Amino acid sequence: MNSEFTIAVHSLVYLAYLPERMAPSEVIAENVATNPARIRKVMSHLRKGGYVDTREGAGGGYRLTLDPAVVSLADIYRLMAQGSVIPSWCSGDPDSDCVVGSNMRSVMDGIFCTAEKQLESYFGGITIADVLGRIKVCK
């Protein structure tokens, strides 16, 4: 799982929490506890995905464009982190004479693909509004 996914979810939940659903990158960055440049990078992906819009000038910033009750974590995962469960390297050598070494890579690929599908399915049942609701219970 990459940190951009967490930053994206945090940023969207924060925007959903705000009455006007708008905030500049500096304010979001302070809430997320990262730097504004990193927020702008993540928000750029969210803007391209249609989840946020920007408004220039005084009082401007990023604005949530969709109802938080319809945006699932699976939507954000697919945009920001799909494939991150699958490692970039796996042990084994398909040309090995050993049954373990020659099959480990394909077996693990199948396991990781299944895990990612299950994760995506789980995330599909959680919306940005749900995350905000869980946070409000923490008060």
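## Briefing on the predicted chain

The protein chain exposes about 8100 Å², of which carbon and sulfur atoms supply 54%. The model is predicted. Six helices and three strands are assigned in the protein chain, and their order along the sequence is α-β-α-α-β-β-α-α-α.

**Overall dimensions**

- The radius of gyration of the protein chain is 19 Å, whereas a compact globule of 139 residues would have one near 14 Å.
- Taken along the principal axes, a box of roughly 65 × 30 × 25 Å is filled by the C-alpha atoms of the protein chain.

**Burial and contacts**

- Of the 139 residues in the protein chain, 35% are buried.
- Among contacts in the protein chain with a separation of 6 or more, 65% are between residues 24 or more positions apart.

**Packing of helices α2 and α3**

- Helix α2 spans residues 25–32 and helix α3 spans residues 36–48; their axes come within 8 Å and cross at roughly 105 degrees.
- Because angles of 65 to 115 degrees count as roughly perpendicular, α2 is described as roughly perpendicular to α3.
- On the α2 side, the residues that meet α3 are S25, E26, I28, A29 and V32; on the α3 side, P36, I39, R40 and M43 meet α2.
- Classified by residue type, this contact of α2 with α3 has six nonpolar residues, one polar residue and two charged residues.

Key
Residues numbered from 1 in each chain as written. Predicted model: local features only at pLDDT ≥ 70, side-chain atom pairs only at ≥ 80, totals over all residues. Heavy atoms only, no water. Axes fitted to C-alpha atoms, helices over the stretch in contact; angles between N-to-C directions. Helix = DSSP H or I, 4+ residues; strand = E, 2+ residues; numbered from the N terminus. Parallel < 35°, antiparallel > 145°, perpendicular 65-115°, else oblique. Contact = heavy atoms within 4.5 Å. Nonpolar A, V, L, I, M, F, W, Y, C, P; charged D, E, K, R; others polar. Rg over C-alpha atoms; globule rule 2.2 N^0.38 Å. Buried < 20%, exposed > 50% of the residue type's maximum accessible area, 1.4 Å probe, protein only. Areas by Shrake-Rupley, 256 points an atom, 1.4 Å probe, with all protein chains shown as cover.
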